Structures are given as structure tokens and as C-alpha cells.
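Look over the sequence and the fold, then read on by topic.

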Amino acid sequence: MAHFTKATSVKDWLNQRLAIEKVEKVMASEYWIPKNINFLWAMGMVLAITFALLLVSGIFLLMYYQPDVKDAFYSVNFTIMRDVDYGWLWRHVHGVAASVVFLIIYIHMFTGIYYGSYKKGREMIWVSGMLLFVTFSAEAFSGYMLPWGQMSYWAGMVITNIFSLGGLHLDGLVEWIRGDYVPAQAFLTRFFMLHVLLLPLAIMGLIGLHFAALRIPHVNNQDGEEVDFDAEAKKYLAGDKAGSKVIRFANDFMSKDLMVVGFFLIFFFYLVFFQYGFALDPVNFDPADGLKTPAHIYPEWYFLWSYEILRPFSVNIGLLAFGFAQVIFVLLPWLDRSPNAVPASRRGAFSVWFWLLLIDMIVLTAMGKLPPEGMFSTIGLVAAVAFILLWVALPFITMNEKKV
Amino acid sequence: MKNKEPLILVVVVAFTLLTYWLVEPYAHSVMHKHVESEHFAYADLKPVAKTGNVASGKELVTGAAACTGCHSIEKEGMPAAMDAVSAAASYGVNPPDLSNAGAIYDAKFLANLIVNPAHALKVEHKFDAAKGQSHPMTAFFGAGGDAEQEVADMVSYLQSIAVKPEEVTPKMAYENACGRCHAVSYEKWTQVGEKPAFKFEKESLAFDIQVLEYQEHLTKYMGKLPPDLSMYIRSRGEHFISTFIENPQAHLEGTAMPRVGVTAEAAEKVIEYLEDAGDTKRHERESLGKSVLIYSVIFAIFALLWKKQVWKDLH
């Protein structure tokens with residue numbers, strides 16, 4: 001057992017038991033971040049804040065929400081939106097944050113791809129990040145079921161149908177997932193459980209893993225420069241703050257994070273109060289009706305690109321393409337054969353690949369929402385094929401890349 | 001080193017806005033038919049050419065034209081001949097009280113309605129006289145004099161007894177023009193009236209049975225039960241509702257919903273009623289939104305100043 005002395009202060013008392021000074025150093029003041037970064041490096045903090053907003057607003061909504069097919073719609077649209085003081089605010093914050101969190105995730109992801117932040121020891125950052133993307137997707141989908149509106153019901157119907165895996169006709173699996181032949185009470189209750197317990201737990205665990213994965217390889221920087229963190233940290237601690245290539249996480253990096261968060265929150269609250277329609281689909285303000293299929297069924301915007309990879313093909317090929325799209329991003333660190341961990345702008349053909357992928361995914365997103373008719377079908381098909389070809393071509397493009 | 005942040009910001013914002021524009025304004029413009037407002041002009045209807053006489057209008061409405069055989073005029077002490085459920089059993093839907101009809105409905109519409117209900121209501125596809133399908137409201141063929149003059153007189157009389165157009169309340173407009181077919185459960189409104197707070201469950205259930213009976217007749221008459229409009233302001237939006245009221249056929253050809261012929265002002269009142277039901281907190285949202293944005297801007301300024309102070313030594 002360790003030796004304890006009579007504490008001289010509260011801090012000392014805690015220090016003897018929790019080593020708070022050491023923890024503070026490891027987590028904040030001597031957690032070294034490269035100085036050469038831009039505001040895109042603050043997206044992690046923006047995501048953490050958005051997740052906190054989701055968690056807090058979710059807790060308040062959970063106090064009034066009723067996971068019952070007869071009462072769910074009413075509890076959301078009457079109890080929360082009308083009866084409970086500021087219930088409407090929590091719902092708008094929750095709904096808008098759920099949509100905005102994906103915008104930031106995509107910016108965060110494409111930042112990682114652009115700067116090669118998944119290479120040279122940073123593979124686990126990328127993999128844990130992609131696992132977070134998958135769990136966030138499941139969280140978003142399960143949450144979308146809860147208001148039990150028309151889009152909840154019909155999106156639930158369409159997405160769970162995917163598990164019959166086309167030609168395999170695994171209808172039993174679909175029934176097992178739904179707990180019924182159609183989305184009904186069992187379906188709602190289990191998605192409620194997933195949304196408020198299991199998936200948030202998984203997300204929090206994965207956030208821990210994501211942060212931990214960052215610790216050893218350190219954060220990348222915007223020129224792909226290899227920084228000797230120990231030497232630069234010494235320089236900083238010796239007083240040469242301006243000459244050192246690294247900064248403390250707190251307060252140096254955090255002050256920049258918080259500044260970006262500040263500007264982000266202006267944008268976020270503008271959406272919450274004045275421009276929320278994109279996140280709270282009008283169709284979902286009609287109560288679920290199994291006998292009335294909406295004219296257009298589409299997922300939320302952040303799922304549209306993968307939905308459009310499923311849609312233009314015949315059932316079985318579409319499912320294969322869809323499955324491909326779901327896992328391919330995880331494999332990026334191994335599909336990119338180049339040793340260069342530098343910004344795409346210095347990587348020749350990869351730069352072209354990056355911008356093509358981004359534009360292709362925006363085209364897929366647009367076509368995923370538009371009705372699959374005429375020209376839109378053709379564009380969607382071309383974009384889906386292009387998506388697959390881009391990924392197939394990636395190892396060949398990067399294999400011959402010159403070392404920079 | 002050159003500061004790349006402004007360029008990066010432009011790229012991020014540009015791609016975000018492009019994606020937004022594609023999936024929201026553009027995709028919705030492709031998916032939904034756009035119907036322009038006709039400003040409640042009812043241009044297809046015949047204008048009222050004559051100047052009406054209130055006194056003779058009163059005589060016609062309560063006498064020869066037999067309006068009060070089916071319609072109540074509570075204001076003038078003329079109650080309904082039947083309760084709502086029996087009226088629905090007879091006509092399919094409870095005929096509206098005419099006390100404020102002159103203020104809620106367009107004068108030209110009323111004149112045309114009296115002469116040819118199915119035509120003014122735009123339900124001739126459902127009530128084709130040639131096939132022997134007559135509208136439950138009997139057409140007025142004249143009381144022996146100048147029919148056009150007589151119709152103008154009746155409209156003048158209805159306008160004379162009604163409240164002033166600016167005194168029409170959202171509730172008044174909704175209940176008369178929409179509420180006999182559409183419930184708004186979030187406002188406790190049913191097709192037979194507002195559900196009161198009962199002391200005993202038995203009374204409450206008895207009321208519910210009345211509503212159910214009414215709804216049965218209504219469903220038979222309309223083909224399906226007209227939807228509860230509690231959340232329609234959020235699910236359909238103001239423009240859709242307004243243009244739908246103006247001419248349901250323009251949105252949904254063949255629908256059993258009649259054109260109800262409200263004035264532009266009354267339509268605004270109906271929208272306000274629906275906002276009070278489905279977007280109750282809109283005023284709070286707007287005022288709180290402004291405060292939160294002001295707070296956010298101040299927070300961002302302080303965050304910016306803090307960053308500048310911390311980074312002063314780092315450059």
C-alpha cells in the first residue's frame with residue numbers, strides 16, 4: 001500500500017489519491033498538438049460538443065417520450081411540443097443536432113482523407129472513427145423511428161426489408177428484427193432501447209477508443225510534416241513557445257477549438273430556431289399509417305449516398321454494391337498503397353481521386369432523394385458505378401505514387 | 001506560411017450549400033407539384049352583377065328560398081332543425097350555421113353556391129346531375145322574380161347579419177369552413193364541436209359515441225374520414241394549405257373535398273388556427289431564437305479574444 005501523509009490542502013489530498021496533477025499533464029497541459037493545423041482540426045471538439053447537446057436534449061426528451069405505438073406520436077407532438085415548457089426547444093435541438101452531427105462527421109472524415117491522417121500508425125484512429133460513423137448511423141436510424149410518424153414507419157419498413165438480402169429471401173430474419181410481420185409495438189420498443197441505451201453506450205466507448213488511438217501517433221498536421229514531439233515539447237517547456245512546433249492541448253489548442261465551437265454554435269442555433277425543416281421532415285408530422293404509403297420515401301440526407309448505391313441496380317447487385325459501400329471506407333488505410341502521409345494536393349493522381357470521390361458522393365446524395373425516374377435514374381446509376389470504380393482504382397493509383 | 005483557412009472555409013461552405021440546395025429546395029421542387037395562389041379571386045365564377053337588398057334577402061333566406069330548412073342562423077334566433085349527428089345522417093355532413101357566412105365566405109362564391117352548389121364547390125365529378133347524383137344542398141332556381149336579383153339580395157342579407165370581416169376569429173373561420181369534416185384533436189375540436197371537460201367518464205364516452213356516429217355518416221359521404229388537421233401546419237406548410245383550401249382540385253384532382261369558398265382573410269384565419277394547434281410555440285421560438293443568437297455571437301467574440309490572447313505567445 002502506498003504511503004499517505006497528512007494532506008496540506010484539498011489539492012494535495014486529491015493528489016495523493018488520484019494523482020490529479022499527473023492526470024492533468026497527461027490529458028491537457030502536456031498533451032502535445034502540432035501547431036501547424038487549421039480550423040478543420042477543431043471538428044473533433046465540434047463533434048464532442050454536438051454529441052453533448054444530443055445527450056442533454058435526449059435526456060430531457062426521454063422524460064416525456066412514450067415508446068408505445070398508440071402514444072408515441074402524441075407524446076412527441078403534443079406533450080413535448082406543446083405541454084412541456086421548452087419541450088419544443090429540446091426537440092428542435094435534438095433533431096437539428098442529429099442532422100448537423102453528420103455534416104461535421106463528413107467534414108471530419110474528408111479532412112482525414114485529404115491530409116492522409118489514416119496512415120503511418122494512425123490506422124486505428126481511422127478504424128475507430130469509421131466504427132463511430134456506423135454506430136452514429138444506427139443511432140440516427142433508431143432515433144428516427146421514435147416519433148412514429150409516416151417516415152418513421154415507412155423508413156423502418158424499407159430499411160429492415162434490406163435484411164431479407166434479396167434473392168436469399170431471409171424473411172424470417174426480417175421478422176426476427178422487427179419482432180412482428182410489420183413494424184409495430186415490438187419494433188418500436190426495441191429500437192427505443194437501442195436508441196437510448198445500447199447504442200449511446202457503444203458510442204461513448206468508441207469515443208474513448210478514438211481518443212486513445214490518437215494518443216500514441218499524435219495528431220497529424222496540415223503539411224504532413226513529421227514532428228519530433230519529445231524534442232519540440234522540451235523546446236516549448238524551455239520557454240521557446242514561438243519556435244516550438246507543438247502546443248499544449250490546454251489551453252493552447254483548446255482556445256482555438258472553443259473559438260471554432262463559438263462560431264459553430266451561431267450556425268447551429270440559427271438552424272434550430274429559424275431553419276429546421278431540413279432536419280425535421282414534414283412527412284414525419286403525419287402519424288404512422290400502415291395503409292397509406294407516402295408518395296416519396298427517402299432517408300435523411302446523410303444516408304442518401306449509400307441509399308443511391310443500393311437503388312439503381314437490380315435487387316441482388318444493389319445489395320452487393322450497398323454492402324461494398326458500407327465497408328470500403330474502413331479499409332482505406334490498406335487500399336491506399338502510397339507511403340506519403342501528406343495533403344492530397346501534393347499527391348498527384350490521388351488529389352484527382354479525392355475530389356472525384358467528394359463530387360460523386362454529392363451527386364449520389366442528390367440522386368438518392370430525387371425520384372428514380374428518367375434522367376435521375378441514369379445519373380444515379382453512373383454515379384454508383386463511378387463510386388465502386390473509384391475504390392477499385394485506388395490501390396492502383398496510389399501504388400505508383402512517387403515518394404515526396 | 002500562407003494562411004489557407006479562408007480558402008478552406010470557402011470550400012467547406014460551398015460544398016455544404018450545394019448539397020443542401022440539391023437535397024432540399026431542388027429535390028422538393030421536383031417531388032412536389034407547385035400550385036400558385038389565385039389570391040382567392042374565384043375567377044371561374046360568375047360575378048354578382050346586381051346590388052342586393054337586405055330586407056328582401058331576409059325574406060328569401062327565411063322564406064321562399066328555404067335556406068333555414070337545413071341551415072341554422074343562431075344569431076337571428078333560428079336554431080338548427082336537427083342535432084349534428086342527425087343532420088349528418090340526412091345530408092352526409094352537418095350544414096353550416098349561416099350567422100357569419102357573409103363574413104367568412106366570398107360574396108361571389110356564395111351567390112354561385114346558391115345557384116349551383118356542385119359547381120361552386122367544384123364537386124361536379126361527384127355530383128353529376130346528368131347521372132341523377134344531386135348535391136345534398138338544393139340549387140335555388142328563383143322565387144318567381146329576377147333570380148339574379150334574388151341571389152344578390154340573399155348574399156346582402158347574409159353579409160348584413162355577419163360580424164365585420166376583420167372580426168372573424170381563427171376559431172370562427174375554422175369551425176365553420178373546415179371543422180364540420182376535420183377534427184383537430186390537439187385543440188379538442190371534433191366534427192360535432194369542442195369536446196368539453198366532463199366530470200364523469202360515462203358522459204365523456206357518450207360524447208365520443210356521438211362523434212363516432214357523426215364520423216360514420218361523414219365517411220360514407222366523403223369516401224374516407226377527412227384527416228385530423230392537428231399537425232398539418234408542420235406536415236404540409238402554410239403555402240400548401242392555403243392553395244389547397246383555395247382549390248383542392250388543383251392539388252389533388254378528383255378529391256371529394258369541396259372548394260369551401262372562403263375569403264383570403266378568412267383563409268389566413270384558418271391558417272392561424274392551425275398554427276395555434278400545431279405550431280403553438282412559434283412566437284416563443286422566434287423571440288428566444290433572437291436572444292440565443294445574440295448570446296452565441298457574444299460567446300464567439302469572447303472565445304475569439306481568448307484564443308488571440310493565448311496564441312499571442314505561440315507565434
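In which loop of chain A does A:L165 lie? A:L165 sits between α7 (150-161) and α8 (171-178) of chain A. Keep in mind that this is a predicted model.

**Chain A overall**

- Chain A holds 16 helices and two strands.
- Its C-alpha atoms fill a box of roughly 70 × 60 × 45 Å along the principal axes.
- Of the 404 residues in chain A, 41% are buried.
- Among contacts in chain A with a separation of 6 or more, 74% link residues 24 or more positions apart.

**Domains**

- Chain A is split into domain 1 (1-29), domain 2 (36-217 + 251-297) and domain 3 (304-404).
- The centres of domain 1 and domain 2 of chain A, taken over C-alpha atoms, are separated by 39 Å.

**Nonpolar cores**

- The largest nonpolar core has 98 residues. The members that touch the most other members are A:V46, A:A97, A:V101, A:I309 and A:L364.
- Helix α11 (residues 249-274) of chain A is the top contributor to this core, giving 13 residues.
- Domain 2 (36-217 + 251-297) and domain 3 (304-404) of chain A each supply at least three residues to this core.
- Leaving out residues up to four places away in sequence, A:A97 touches A:T50, A:L53, A:L54 and A:S57.

**Helix α15 of chain A**

- Helix α15 (residues 349-369) of chain A has 21 residues. From its first C-alpha to its last it reaches 31 Å, close to the 30 Å expected at 1.5 Å a residue.
- Its buried residues include A:F350, A:W353, A:M361 and A:L364. A:L364 is also one of the members that touch the most others in the largest nonpolar core.
- The buried residues of α15(A) pack against α12 (304-310) and α16 (374-399) of chain A, together with α1 of chain B.

**Backbone details**

- A cis peptide bond, with omega about 0°, joins A:A250 and A:N251. A:N251 is found in helix α11 of chain A.
- A:A19 has a positive phi of about 50°, although it is not a glycine. A:A19 lies in the loop between α1 (10-18) and α2 (20-29) of chain A.
- Is A:A19 buried or exposed? A:A19 has 12 other C-beta atoms within 10 Å, so it is exposed.
- A:L165 is not a glycine either, yet its phi is positive, at about 50°.
- A:L165 has 16 C-beta neighbours inside 10 Å, so it counts as partly exposed.

Terms used
Residues are numbered from 1 along each chain as its sequence is written. Chains are lettered from A and ligands numbered from 1 in the order in which they are written. This is a predicted model: local features need pLDDT of at least 70, side-chain atom pairs count only at pLDDT 80 or more; totals for chains, interfaces and linings use all residues. A nonpolar core is a set of buried Ala, Val, Leu, Ile, Met, Phe, Trp, Tyr and Cys residues joined through C-beta atoms within 7 Å. A residue is buried if 20 or more other C-beta atoms lie within 10 Å of its own, exposed if 12 or fewer, and partly exposed in between; C-beta atoms are placed from the backbone. Helices (H or I, at least four residues) and strands (E, at least two) are DSSP runs, numbered from the N terminus. Domain bounds come from an automatic or database domain assignment. Two residues are in contact if their C-beta atoms, placed from the backbone, lie within 7 Å. The expected span of a helix is 1.5 Å times one less than its number of residues.
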